[in-house]
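Hello,

Here is the structure we talked about passing on. Please keep it open while you read the notes below.

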Amino acid sequence: MTIVSGKAEARRRLQPATSDVLRKMWEHRADYAYVLPAIAVMLIVIAYPIYYTIELSFFNTPPGLQLRDKIFVGFNNYTAILTSGVFWQVTFNTLIWTAASTFISFVLGFAAALALHRDFIGRGILRAILIIPWVISAVAASYIWKWIYHSDFGIIGAVLVELGWATRPPNFIDSVSTVLPSLIVVNIWREFPFAMIMMTAGLQTVPEQLLRAAKVDGANAWQRFWHVTFPHLRNVSTVTILLLAVANFNSFIIPWIMTGGGPSNASHIWITHIYELAFGRQRWGVASAYSVLLFIILMTLGYFYVRALSGNERKDGSA
Amino acid sequence: MSTVSETISRGQPARRLRIDGWRWGGRAFLVFMLLYTALPMIWMLLTSIKSGFAAMQFPPQWWPDQPTLASYQKLLDPQNSVGQDFLRFFWNSLIVSTATTILSVIVAVPAAYAFSRFTFPGRNFLFFAVLLRNMFPAVIFLVPLFILMRAIGLVNTHGSLVLTYLTFGLPLAIWLLKGFYDNIPVQLEQAARIDGATRFQAFILIVMPLSAPGIIATAIYSFIGAWNEYIYAYTFLSKNEQLTLPVGIQRFFSENTTDFPGLMAASFMMSVPVVVLFLLLQRYFVRALTEGAVKH
Amino acid sequence: MAHVVLKDLVKTYGSFKAVNEVSLTINDGEFVALVGPSGCGKTTTLNLVAGLTSATSGDIFIGDRVVNDLDPKDRDIAMVFQNYALYPQKSVYMNLAFPLQMRKLPKGEIDRKVREAARVLDMTQLLERKPRELSGGQQQRVALGRALVRDPAVFLMDEPLSNLDAKLRVQMRSEIKRFHQDLKATIIYVTHDQLEAVTMADRMAVMNGGYLQQYDSPAQVFAHPANMFVASFVGSPAMSLIPLEASMGNGGAVLTSAEGWSLELSPRNAQKVARATTKKVVLGARHSTIKLHKSAVPGAIPAKAYTVEPTGDVTFVQALLSGAIVNISVSPNIAVTPDEQIWLEFDQERMHLFDSETEMALEAN
């Protein structure tokens, strides 16, 4: 009661009736001016595209045809997708890509954050170096790694030959069996710093007193981590993992530039596949149907994302 | 405290070993991560100072026999066509990224402030709607946005990119800044208003300076995002003189498939502005995350 | 300086009534404390006067102006906050200068006034520091300084001492009181600490649940609490409240406890009880009006000591009586041990009687 802030008011307010809402909206009309620009931009760039994508997914657009001459085909695009073999291959690739990239990036990033938590000489520089891959453009990263993986002059192949572990440089990204893992290594290279930054920030909020108390209670380093640090970071971890998963699910640049989805679709994931369908083969309808399916999957993920975030909100409110 | 831990370790030598095991494990891990992170970048730099011929050797020259800055000179020379293109792409990227950054801050600051301070109906819904934008891949919006941009005559303009890039940066910017405003006591503004400031003055004179780290972090994020964006630029722009760096470099490479030193030099120069910017301002970024987003 | 009038002030949040029909007149130069427990509406009332929240209904006058629709900046008020609300990025000097800059005073005059305020509050040597480099007491003083540089019509203070440690609080209490006497300022002071209100204010407005309970001088509130809430809120240790049954007979009245004992009332107190709407009456007595006997005395009631708290110059004894805890203060040289049998004698002149249903004090006529 000592402070009547906006939050206190919000908490005290009970569920209002509908007419109440209109009255309140009118009372707060000035407040909307602050969010209006943000909402307007979002509406143009999000709401309209979503509507348009859903509409287009029910139409066929043969190559060479103008978009306005599209032909209504009902759910044909959807059945075509779900019965095609490529769909299942690409979905499998996407799952592997997303799961492996997310999990390994998170583990490496978290471990790096922990290892960098204790102060030592050169910590700042080391941390800065580890972050760089996240900052540079994925296009640059793709070319750097494409050169590293090069089947004739790549440095990894050369090292393997030099060490006698291979007779000739392996084809990392030109072979169906190794292309996806190779690309995942590149993706992790770019993504783990994000997890590291998030977890570093999270670690700074772990109360020192709690760790000291655990030490006094006789907990060893591992027990302190498992019983104090880790539970405290559950929320940050959830948000980080979700953001990583979404970013990976939505990856495009690395597979597109490094392999274009090949060889024989072995590195195609959903997004590159959709892009190729739309802009490569002009099959806008099918691409849109893919997008709608993707949209549904992402909404499901988004539900958990919002729940994780609003969990934070609630904790914040009661603090 | 110290005596306690000493007696414990003397009683149980195994534990001491294990703690050291953790520390050494951590160091070994950091060395591994350093190699994983840095070696590709070092190889990029080493390649970029080789001649085209020297780069294409097997086994490779681990260290360039005759280091040369020819690739850089070529890219930065306004006299030849490669240099002209590269400098133009660089300039385009700078324009687009700067415009995006300024607009992001202008749009995100009031929105984040409102989400933090006001209790208008629909606040939570709108807040999460804004955050949800992060969930969707660029590709979903590509076709309709392309058509939309064509309809409003923005195709092949930088305006189409700025407008689109705004929406990438905004969700995180608003989220970060909201965390900042949540942590600024509302009494500071009240005090300012009683001291004679209008609501707007209280915001500009008192709240804005306090949220400067958040605003800087937001700006970095927007700039880097815009600087590195590829897919929209690739789709929306077709004229050579409009291209931004990521697309421009890709085009350059598809025409000069074997010029790896040139490509590495271009990749390096494309990375320099964002890396420098980030390294200079990274403490704001981590602070913004700690104070803003993560603390909730 | 100006007087302040609150007329039928109401503030609701949805269906929650934070402030309920509060009417108060604060005279020019008067120091009024708004006091009550957390959530009683005192800070909301202050924010209404400041203009930081807008009233649902009712009027606020500062001087002779209705200020309901004025911005805080136009109300000619100054405010001191609980957390001081010093601008962290500004030096002490700039914090003090800010209200004057906002009013577009010439630079020379700002400088003169800032230095004058710094001199009065004895912090000239702190002017270049940032707020975070100051102790709690110094920050408090800067906050006060920022309020007084401007020479406003009314000072509003929102729990300005509650973030200080106990010793500093006592010291700042007298400084603020001195400040009021020197400036003859109109001050509205919000606190949850009744001791601050009693020691500093000319008049105190006791609030609870959004309602004004009593508005009078501390001495009057202390001597004649209007109801059971005020009686138990003001004074420390709190007034003991003992629920009893009243019975009238041949001109007198007797209070009977469920425990079996009874207490014959004086004629004046009998008169009060006669006006009650119910037979259930609550007897209120402050610790200093109860006499403790170690042996039976006529008119004294037997009880058992429960706890004994020596404080040095006075010892507080708590006894259980009719299901209520009764506080008694005794001289430290009277030794009482827990569970000891004692006898309590109430001072009929200084005892309070309340109607247990309306909770209002019973008056003689």
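This is a predicted model: local features need pLDDT of at least 70, side-chain atom pairs count only at pLDDT 80 or more; totals for chains, interfaces and linings use all residues.

Residues are numbered from 1 along each chain as its sequence is written, chains are lettered from A and ligands numbered from 1 in the order written, and side-chain values use heavy atoms, without hydrogens and water.

**Chains A and B**

Contact here means heavy atoms within 4.5 Å. By that rule, 110 residues of chain A touch 95 residues of chain B. The two chains bury about 9400 Å², and carbon and sulfur atoms give 80% of that. Buried area is the accessible area (1.4 Å probe) that two parts lose on being put together, summed over both. In chain A, Y34(A), Y143(A) and W147(A) lose the most area to chain B, together 8% of what that side buries.

No salt bridges cross between chain A and chain B; the rule asks for a Lys or Arg side-chain nitrogen within 4 Å of an Asp or Glu carboxyl oxygen. Seven residue pairs are in polar contact, both at pLDDT 80 or more. A polar contact is a pair of N or O atoms within 3.5 Å; within protein, one must be able to donate a hydrogen and the other to accept it, and residues adjacent in sequence count only if both atoms are side-chain atoms.

Helix α3 (residues 29-56) of chain A gives the most to the side that touches chain B, with 18 residues. Helices (H or I, at least four residues) and strands (E, at least two) are DSSP runs, numbered from the N terminus.

**Chain C: domains**

Chain C has domain 1 (4-232) and domain 2 (238-355), with bounds from an automatic or database assignment. Their centres, taken over C-alpha atoms, are 39 Å apart. Each domain puts eight residues into the contact. About 660 Å² is buried between them, 70% of it on carbon and sulfur atoms. On the domain 1 side, F222(C), M228(C) and A231(C) lose the most area, together 64% of what that side buries.

**Chain C: strands**

Strands pair if DSSP finds at least two bridges between them. β16 (residues 301-310) runs antiparallel to β19 (residues 341-346), with four bridges. I301(C) has L344(C) as its bridge partner. β16(C) also pairs with β17 (residues 315-321), antiparallel, over six bridges.

Best wishes
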